[in-house]
Amino acid sequence: QVQLVESGGGLVQAGGSLRLSCAASGRTFSSYVMAWFRRAPGQEREFVAHISWNGDNTHYADSVKGRFTISRDNAKKTVYLQMNSLKPEDTAVYYCAALGRWTALASDVRYWGQGTQVTVSS
């Protein structure tokens, strides 16, 4: 069993930065591809980024490429999302997820976090 708890969300001005953290429990954290998804108000959940088990490979949605950076620390059982140059369009609930395979599909998620709110003001 893996439990994921996000933190670091909040209110920030456009152009600012936030760093989200996802703390995991369980002994199999390093076996999973880890990802971030987000859901904006009135919209479906969408893929943001994911990272391989050892951190060697990453992939980003085009909308955040060059602005967001995903990383992980398996010793601390934590995955991060550094968000720079934030835009109002980034406003959403951000969810940490553990994936069963290298994919950007929410249907492949094995475990979800509860989510953390990110609000970017204009």
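## Briefing on salt bridges, a disulfide and selected residues

At 11% relative accessibility, R67 counts as buried, and this arginine belongs to a network of salt bridges that links R38, E46, R67 and D90. The model is a predicted one, and the count of salt bridges in it comes to 5, while the number of disulfides is 1.

**The salt-bridge network**

- R67 forms a salt bridge with D90, in which the closest N and O atoms are 2.8 Å apart; this pair links distant parts of the chain, since R67 sits in the loop between β6 (58-60) and β7 whereas D90 sits in the loop between β8 and β9, 23 residues apart.
- D90 has a relative accessible area of 2% and is therefore buried, the cut-off for that class being under 20%.
- The side chain of D90 also meets that of R38 in a salt bridge, with an N to O distance of 3.0 Å; because D90 lies in the loop between β8 and β9 and R38 in strand β4 (residues 33-39), the pair ties together parts of the chain that are 52 residues apart in sequence.

**The disulfide**

- C22 and C96 form a disulfide, with their sulfur atoms 2.1 Å apart, and the link is left-handed, with -80° about the S-S bond.
- This pair, too, links distant parts of the chain, as C22 belongs to strand β3 and C96 to strand β9, 74 residues apart.
- Both cysteines, C22 and C96, are buried.

**E6, a buried glutamate without a salt bridge**

- E6 has its place in strand β1 (residues 4-7), where it is buried yet has no salt bridge, the nearest side chain of opposite charge being that of R45 at 7.5 Å; that separation does not qualify because a salt bridge requires the nitrogen and the carboxyl oxygen to be within 4 Å.
- Polar atoms of the E6 side chain do lie by backbone nitrogens: one such nitrogen, that of C96, is 2.8 Å from a polar atom of this side chain, and another, that of Q114, is 3.0 Å from a polar atom of the side chain of E6.

**L18 in strand β3**

- L18 is found in strand β3 (residues 18-24), and with a relative accessibility of 14% it counts as buried.
- Once neighbours within four places in sequence are set aside, L18 is in contact with G8, G10 and V12, with L81, Q82, M83 and L86, and with V118.
- The C-alpha atoms of L18 and N54, which are 36 residues apart along the chain, are separated by 24 Å.

**Two residues with a positive phi**

- Most residues other than glycine have a negative phi.
- K77 has a positive phi of about 50° although it is not a glycine; this lysine lies in the loop between β7 (68-73) and β8 (78-83), and its relative accessibility of 29% makes it partly exposed.
- S85 likewise has a positive phi of about 50° without being a glycine; the serine is found in the loop between β8 and β9 (92-99), and with a relative accessibility of 41% S85 counts as partly exposed.

Conventions:
Residues numbered from 1 in each chain as written. Predicted model: local features only at pLDDT ≥ 70, side-chain atom pairs only at ≥ 80, totals over all residues. Heavy atoms only, no water. Helix = DSSP H or I, 4+ residues; strand = E, 2+ residues; numbered from the N terminus. Buried < 20%, exposed > 50% of the residue type's maximum accessible area, 1.4 Å probe, protein only. Lys, Arg positive; Asp, Glu negative; His and termini not counted. Polar contact = N/O pair within 3.5 Å; in protein donor to acceptor, adjacent residues only side chain to side chain. Contact = heavy atoms within 4.5 Å. Disulfide = S-S within 2.5 Å.
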